[in-house]
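Me: Please go through this model with me and set each label against its definition.

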Amino acid sequence: MSHLSYARAMDSFQATIDADSRIEPRDAMPDGYRKTLIRQIAQHAHSEIIGMQPEGNWISRAPSLRRKAILMAKVQDEAGHGLYLYAAAETLGVDRADLLDMLHTGRQKYSSIFNYPTLTWADIGAIGWLVDGAAIVNQVPLCRCSYGPYARAMVRVCKEESFHQRQGFEILHTLSTGTPGQQAMAQDALDRWWWPSLMMFGPPDASSTHSEQSMAWGIKRHSNDELRQRFVDMTVPQADVLGLRVPDDGLVYDEVTGHYSFTQPDFTELYEVVKGNGPCNEKRLATRVKAHEDGAWVREAAAAYAAKQMERAA
Amino acid sequence: MSDLFTYALRLGDDALIAAQRMAEWIAAAPQLEEDVALGNIGLDQLGQARSLLQYAGSMDGRTEDDLAYFREEREFLNVQLCELPNGDFAHAMARLLYFASYQHLLYDELRASADETLSGVAGKAVKEVAYHVDHATQWVLRLGDGTSESHRRMQAALDELWPYTAELFESDDLVRRLPVAVDPAGLRDEWERRVLAVIDESTCSRPEASYQHRGGRSGQHTEHMGFLLAELQHVARSHPGATW
């Protein structure tokens, strides 16, 4: 492309962004925009498939057949989300296999929340309620993301996530109105998942590295702190309904602003977990890599079989 | 216990234990598409199990969860094929080919049962297991006729699981005297015809006749079953009287 036509293409890109319209795969786009999206969509896809593990951990032990069926469907949904997110990333000219390789070799990350262990059945409720709840707050604005394929994938993902969030709340509601042992289990899960859930919105605005450019490109619509506030405002009244105590002594409703003030999570923990120093980082990645490596001969066989079929048809 | 209760339990336990094993593949499958597909199949099996256990429970005042979580190992009536540990992906597909082909023939006949619940469950399930058979068939062909490694693994899986297939077709007084049941002995020839056609096309050899395991229908299981149930039942049994 000549300098002049490149300049024109970039003008047209900016005009699309300014008009709040969607960029589509064949449209010209700045390299930085493409790279940012590939990174973000891939990390989102990785989070979906790594996220299958902490919940998958409880399928075999789900305490009723109805819960088992719901949990299987939920974890299966997450595999489906991974599939369409990888497909959305592929519209930007990358390959799912390469992205998986980046995940497996630690060159791309996934959401740090999945580096925490699921220790009791109540954790399945807490993940649905808090983690999927936080994911929805993060993801609803992405339905209006400037990149069309990502925005459309998110519409579907968000619909399913909202079902996931409700089932999580319902699990905890059943526990919190159940036996003393079940109530204790529910409170313990909230105590452990509250702070990591707040960290899901990323570092405070003042130290967020990618935010400003992503906002200008219409990839990101709200700041980390805005979204975190929205999550707290939404979640605290739900905890009241559950009769569970949010483990934050600094939590106060401010009549004037209509928002809760709350204690910020310990972001040094977030940075440590992102760096690899969380309770399950090694296990999650090792499990993922093992599934991939154990499946190599199957994928090779499928490719060899397809090639033979092509040859026979020719 | 009535014959009908026992019969519904046999079919329901097969589906329940198959689903429990199938679910272990979720997040461990060779590719993401397969996590979705095996999850789907497991959900179908679990759905069949729930319908059948609810039906059995309705005859003696128990719920599906009473039956799934609070019976002892000797009271489970599934065939041993369903409870064996997963092994590699070739084993998963060999088991699914054997089991779903059996279920397909069974449900197809059970649709005509005079028992409305059984025929209703069968009418829905027969469509689901037709897909399971197709999925297993496609993989047995790919693996059998893929690479030399996949051929070796597919052959090993077909051979190792074959000794657990006779039990699927075991007849006894109960199925012979219960008019709404299907006597599985009558399904064997057609099952063999279908399964062996897939094996032949996959370029694998037909498994040889060998020792055949039995006992599941009378509650005698493999050593693996206790561990499977320990995992399945642990949380529910730790909180007696709780609802979930």
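Reply: Chain B and chain A bury about 3,900 Å² between them, with 68% of that area on carbon and sulfur atoms. Buried area is the accessible area (1.4 Å probe) that two parts lose on being put together, summed over both. B:L32, B:D145 and B:W244 supply 19% of what chain B buries against chain A, more than any other three residues. This is a predicted model: local features need pLDDT of at least 70 and side-chain atom pairs count only at pLDDT 80 or more, while totals for chains, interfaces and linings use all residues. Residues are numbered from 1 along each chain as its sequence is written, chains are lettered from A in the order in which they are written, and side-chain values use heavy atoms, with hydrogens and water left out.

Me: How many residues does the contact take from chain B and from chain A?

Reply: Chain B gives 45 residues and chain A gives 43, where contact means heavy atoms within 4.5 Å.

Me: What makes A:R96 and B:E33 a salt bridge?

Reply: A salt bridge is a side-chain nitrogen of Lys or Arg within 4 Å of a carboxyl oxygen of Asp or Glu. The side chains of A:R96 and B:E33 meet at 2.4 Å, N to O, so the pair qualifies. The count between chain B and chain A is 3 salt bridges.

Me: Why are α2(A) and α4(A) called roughly perpendicular?

Reply: Helix α2 (residues 31–56) of chain A packs on α4(A) at about 70°, with the axes 10 Å apart. Axes are lines fitted to C-alpha atoms, for helices over the stretch in contact, and angles run from 0 to 180 degrees between N-to-C directions. Helices are DSSP runs (H or I, at least four residues), numbered from the N terminus. Angles under 35 degrees count as roughly parallel, over 145 as roughly antiparallel, 65 to 115 as roughly perpendicular and the rest as oblique; α2(A) and α4(A) are therefore roughly perpendicular.

Me: Why are α7(A) and α9(A) called roughly antiparallel?

Reply: The axes of helix α7 (residues 180–199) and helix α9 (residues 224–242) of chain A come within 10 Å and cross at roughly 150°. The angle is over 145, and α7(A) and α9(A) are therefore roughly antiparallel.

Technical notes. Helices (H or I, at least four residues) and strands (E, at least two) are DSSP runs, numbered from the N terminus.
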